[in-house]
Amino acid sequence: MKRKIITFFAVLFLSLPIFGQGLSIGPSVGYIDVNSSDYFTSGFENGEFDLSTGLRYGLKARASLPLLPLTFTGHIYYASITVDGSYEGTTFESESSLLNASVGAEWNLLPGPIRPYAALDILYSKTGDVSFSTLINGQAFEESNDGSSRTGLGIGVGATITLIPVIDLDASVKYNFNNLFGKEDGEENLNTYSFMVSVLFDIL
(Lines give C-alpha, C1' and ligand atoms only; values in the text may rest on other atoms or scores of the structure.)
Protein backbone atom coordinates (compact mmCIF):
# COMPACT_ATOMS: atom_id res chain seq x y z
CA MET A 1 0.00 0.00 0.00
CA LYS A 2 2.75 2.47 0.94
CA ARG A 3 4.66 1.53 -2.22
CA LYS A 4 1.60 2.33 -4.36
CA ILE A 5 1.21 5.78 -2.77
CA ILE A 6 4.91 6.60 -3.18
CA THR A 7 4.81 5.48 -6.83
CA PHE A 8 1.65 7.51 -7.44
CA PHE A 9 3.19 10.75 -6.24
CA ALA A 10 6.58 10.08 -7.83
CA VAL A 11 4.90 9.80 -11.23
CA LEU A 12 2.69 12.82 -10.48
CA PHE A 13 5.50 15.16 -9.47
CA LEU A 14 7.78 14.05 -12.32
CA SER A 15 5.11 14.47 -14.97
CA LEU A 16 3.50 17.76 -13.88
CA PRO A 17 6.42 19.97 -14.98
CA ILE A 18 6.29 18.41 -18.46
CA PHE A 19 2.80 19.83 -18.99
CA GLY A 20 3.11 23.04 -17.02
CA GLN A 21 5.33 26.09 -16.94
CA GLY A 22 5.41 26.26 -13.13
CA LEU A 23 5.22 23.80 -10.26
CA SER A 24 4.27 24.60 -6.67
CA ILE A 25 3.81 22.38 -3.64
CA GLY A 26 3.00 22.85 0.01
CA PRO A 27 1.27 21.63 3.18
CA SER A 28 -2.51 21.56 3.61
CA VAL A 29 -4.79 21.49 6.64
CA GLY A 30 -8.54 21.63 7.00
CA TYR A 31 -11.75 19.94 8.08
CA ILE A 32 -13.70 17.00 6.70
CA ASP A 33 -17.28 15.97 7.45
CA VAL A 34 -18.76 12.59 6.48
CA ASN A 35 -22.12 12.90 4.75
CA SER A 36 -23.45 9.47 5.75
CA SER A 37 -25.86 10.17 8.60
CA ASP A 38 -28.67 8.12 7.00
CA TYR A 39 -26.44 5.05 7.01
CA PHE A 40 -25.59 5.31 10.69
CA THR A 41 -29.15 6.07 11.83
CA SER A 42 -31.12 3.82 9.46
CA GLY A 43 -33.20 1.41 11.53
CA PHE A 44 -32.23 3.10 14.80
CA GLU A 45 -34.77 5.91 14.96
CA ASN A 46 -34.44 6.20 18.74
CA GLY A 47 -30.66 5.96 18.83
CA GLU A 48 -28.13 8.69 19.42
CA PHE A 49 -25.14 8.67 17.09
CA ASP A 50 -22.19 11.02 16.61
CA LEU A 51 -20.02 10.64 13.52
CA SER A 52 -17.02 12.94 13.39
CA THR A 53 -13.69 13.33 11.60
CA GLY A 54 -12.45 16.85 12.22
CA LEU A 55 -8.82 17.54 11.24
CA ARG A 56 -7.57 16.64 7.78
CA TYR A 57 -4.01 17.29 6.61
CA GLY A 58 -1.57 16.50 3.83
CA LEU A 59 0.14 17.93 0.75
CA LYS A 60 -1.03 19.62 -2.46
CA ALA A 61 0.86 20.12 -5.74
CA ARG A 62 -0.10 22.35 -8.65
CA ALA A 63 1.28 22.88 -12.18
CA SER A 64 0.16 25.77 -14.38
CA LEU A 65 -0.28 25.73 -18.15
CA PRO A 66 0.87 28.57 -20.39
CA LEU A 67 -1.84 30.59 -22.14
CA LEU A 68 -4.68 28.45 -20.77
CA PRO A 69 -6.88 29.03 -17.68
CA LEU A 70 -6.15 25.46 -16.57
CA THR A 71 -4.04 24.08 -13.73
CA PHE A 72 -3.18 20.44 -13.07
CA THR A 73 -3.29 19.40 -9.41
CA GLY A 74 -2.50 16.51 -7.13
CA HIS A 75 -2.97 15.99 -3.43
CA ILE A 76 -2.77 13.45 -0.64
CA TYR A 77 -4.88 14.00 2.49
CA TYR A 78 -5.43 11.96 5.65
CA ALA A 79 -8.18 12.10 8.30
CA SER A 80 -9.28 9.89 11.19
CA ILE A 81 -12.93 8.86 11.49
CA THR A 82 -14.79 7.99 14.69
CA VAL A 83 -18.39 6.96 15.35
CA ASP A 84 -19.93 6.94 18.84
CA GLY A 85 -23.48 5.92 19.60
CA SER A 86 -26.00 4.33 21.92
CA TYR A 87 -29.26 2.47 21.52
CA GLU A 88 -31.51 1.02 24.25
CA GLY A 89 -28.69 0.74 26.76
CA THR A 90 -26.10 -0.49 24.25
CA THR A 91 -23.15 1.79 23.52
CA PHE A 92 -20.58 1.45 20.76
CA GLU A 93 -17.49 3.14 19.37
CA SER A 94 -15.86 2.64 15.98
CA GLU A 95 -12.58 4.05 14.69
CA SER A 96 -11.07 4.14 11.20
CA SER A 97 -9.32 6.54 8.81
CA LEU A 98 -9.67 7.92 5.30
CA LEU A 99 -6.74 8.51 2.96
CA ASN A 100 -7.41 10.40 -0.29
CA ALA A 101 -4.96 10.77 -3.18
CA SER A 102 -5.98 12.56 -6.35
CA VAL A 103 -5.06 14.01 -9.71
CA GLY A 104 -7.29 16.71 -11.11
CA ALA A 105 -7.69 20.08 -12.73
CA GLU A 106 -8.70 23.59 -11.72
CA TRP A 107 -10.36 25.99 -14.15
CA ASN A 108 -9.36 29.56 -13.30
CA LEU A 109 -12.43 31.78 -13.56
CA LEU A 110 -10.81 35.21 -13.20
CA PRO A 111 -7.22 36.49 -13.43
CA GLY A 112 -5.60 38.64 -10.78
CA PRO A 113 -4.06 38.38 -7.31
CA ILE A 114 -7.24 36.59 -6.12
CA ARG A 115 -8.11 33.82 -8.59
CA PRO A 116 -11.33 31.84 -8.05
CA TYR A 117 -11.56 28.41 -9.68
CA ALA A 118 -13.77 25.37 -10.19
CA ALA A 119 -12.16 21.97 -9.54
CA LEU A 120 -12.58 18.34 -10.58
CA ASP A 121 -10.56 15.49 -9.03
CA ILE A 122 -10.16 11.78 -9.73
CA LEU A 123 -9.86 10.19 -6.29
CA TYR A 124 -8.17 7.13 -4.90
CA SER A 125 -9.65 6.50 -1.44
CA LYS A 126 -8.35 4.10 1.18
CA THR A 127 -10.23 3.45 4.40
CA GLY A 128 -8.14 2.11 7.24
CA ASP A 129 -8.87 -0.99 9.28
CA VAL A 130 -12.05 -0.52 11.27
CA SER A 131 -11.94 -1.23 15.02
CA PHE A 132 -15.30 -1.68 16.73
CA SER A 133 -16.07 -1.92 20.43
CA THR A 134 -19.43 -2.22 22.12
CA LEU A 135 -20.75 -2.54 25.66
CA ILE A 136 -23.84 -4.73 26.11
CA ASN A 137 -25.26 -5.21 29.60
CA GLY A 138 -21.89 -4.33 31.09
CA GLN A 139 -19.97 -6.79 28.92
CA ALA A 140 -17.44 -5.46 26.37
CA PHE A 141 -16.96 -6.86 22.87
CA GLU A 142 -14.30 -5.86 20.35
CA GLU A 143 -13.58 -6.73 16.72
CA SER A 144 -11.65 -5.39 13.73
CA ASN A 145 -12.36 -5.41 9.99
CA ASP A 146 -10.02 -4.76 7.08
CA GLY A 147 -10.19 -1.44 5.27
CA SER A 148 -10.86 -1.09 1.55
CA SER A 149 -9.68 0.84 -1.51
CA ARG A 150 -12.03 2.58 -3.92
CA THR A 151 -12.01 5.22 -6.66
CA GLY A 152 -14.28 8.22 -7.02
CA LEU A 153 -14.65 11.86 -7.97
CA GLY A 154 -14.40 15.19 -6.19
CA ILE A 155 -15.97 18.49 -7.25
CA GLY A 156 -15.63 21.91 -5.71
CA VAL A 157 -14.66 25.56 -5.83
CA GLY A 158 -11.83 27.55 -4.38
CA ALA A 159 -9.57 30.55 -4.70
CA THR A 160 -5.85 31.19 -4.86
CA ILE A 161 -4.36 34.34 -3.36
CA THR A 162 -0.82 35.47 -4.17
CA LEU A 163 0.88 36.51 -0.93
CA ILE A 164 4.27 37.20 -2.51
CA PRO A 165 5.51 36.20 -5.99
CA VAL A 166 6.68 32.74 -4.86
CA ILE A 167 4.02 31.91 -2.24
CA ASP A 168 0.28 31.38 -2.76
CA LEU A 169 -2.49 30.78 -0.25
CA ASP A 170 -5.10 28.34 -1.56
CA ALA A 171 -8.54 27.65 -0.04
CA SER A 172 -11.16 25.22 -1.35
CA VAL A 173 -14.49 23.62 -0.51
CA LYS A 174 -15.21 20.24 -2.10
CA TYR A 175 -17.69 17.38 -2.12
CA ASN A 176 -16.07 13.98 -2.58
CA PHE A 177 -17.69 10.76 -3.80
CA ASN A 178 -15.05 8.53 -2.22
CA ASN A 179 -16.34 5.12 -3.25
CA LEU A 180 -18.19 5.90 -6.45
CA PHE A 181 -16.55 3.03 -8.34
CA GLY A 182 -15.65 -0.50 -7.25
CA LYS A 183 -18.24 -0.86 -4.48
CA GLU A 184 -19.28 -4.30 -3.29
CA ASP A 185 -22.94 -5.36 -3.24
CA GLY A 186 -24.78 -3.55 -0.45
CA GLU A 187 -21.90 -1.17 0.27
CA GLU A 188 -23.09 2.25 1.40
CA ASN A 189 -21.89 5.51 -0.14
CA LEU A 190 -19.04 7.24 1.68
CA ASN A 191 -19.33 10.90 0.67
CA THR A 192 -17.55 13.76 2.40
CA TYR A 193 -17.50 17.54 2.53
CA SER A 194 -14.10 19.16 2.99
CA PHE A 195 -12.63 22.59 3.55
CA MET A 196 -8.87 22.83 2.98
CA VAL A 197 -6.27 25.59 3.16
CA SER A 198 -2.85 25.15 1.53
CA VAL A 199 0.32 27.24 1.47
CA LEU A 200 1.98 26.61 -1.90
CA PHE A 201 5.63 27.40 -2.64
CA ASP A 202 6.91 27.78 -6.20
CA ILE A 203 9.71 25.30 -6.90
CA LEU A 204 9.90 25.60 -10.71
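**Exercise 1.** How many cavities of 30 Å³ or more does a search of the whole structure find? Work out what lines the largest cavity.

*Solution.* 
Step 1. Keep in mind that this is a predicted model. The search of the whole structure turns up one cavity of 30 Å³ or more.
Step 2. Take the volume. The largest cavity holds about 70 Å³ of space.
Step 3. List the lining. Its residues are Arg56, Lys60, His75, Tyr77, Asp170, Ser172, Lys174, Asn176, Ser194, Met196 and Ser198.
Step 4. Assign elements. Two or more lining residues come from each of β3 (54-64), β4, β10 (167-181) and β11 (191-202). The most come from β10, which gives four residues.
Step 5. The lining has five polar, four charged and two nonpolar residues.

**Exercise 2.** Which residues make up the largest nonpolar core, and which elements give two or more of them?

*Solution.* 
Step 1. Name the members. The largest nonpolar core consists of six residues: Ile32, Val34, Ala79, Ile81, Leu98 and Leu190.
Step 2. In soluble globular proteins, nonpolar side chains tend to be buried together.

**Exercise 3.** Is Ile81 buried or exposed? Place Ile81 in the chain and relative to Thr127.

*Solution.* 
Step 1. Locate the residue. Ile81 sits in strand β4.
Step 2. Apply the cut-off. Buried means under 20% relative accessible area. Ile81 has 12%, so Ile81 is buried.
Step 3. Check the spacing. Ile81 and Thr127 are 46 residues apart along the chain, and their C-alpha atoms are separated by 9.3 Å.

Definitions and conventions: Residues numbered from 1 in each chain as written. Predicted model: local features only at pLDDT ≥ 70, side-chain atom pairs only at ≥ 80, totals over all residues. Heavy atoms only, no water. Core = buried A, V, L, I, M, F, W, Y, C linked by side-chain atoms within 4.5 Å. Buried < 20%, exposed > 50% of the residue type's maximum accessible area, 1.4 Å probe, protein only. 1 Å grid on protein atoms, 1.4 Å probe; cavity = no way out; pocket = protein on both sides within 12 Å on 5 of 7 lines; lining within 4 Å. Points joined across faces, edges and corners; volume = space filled by probe spheres on them. Nonpolar A, V, L, I, M, F, W, Y, C, P; charged D, E, K, R; others polar.
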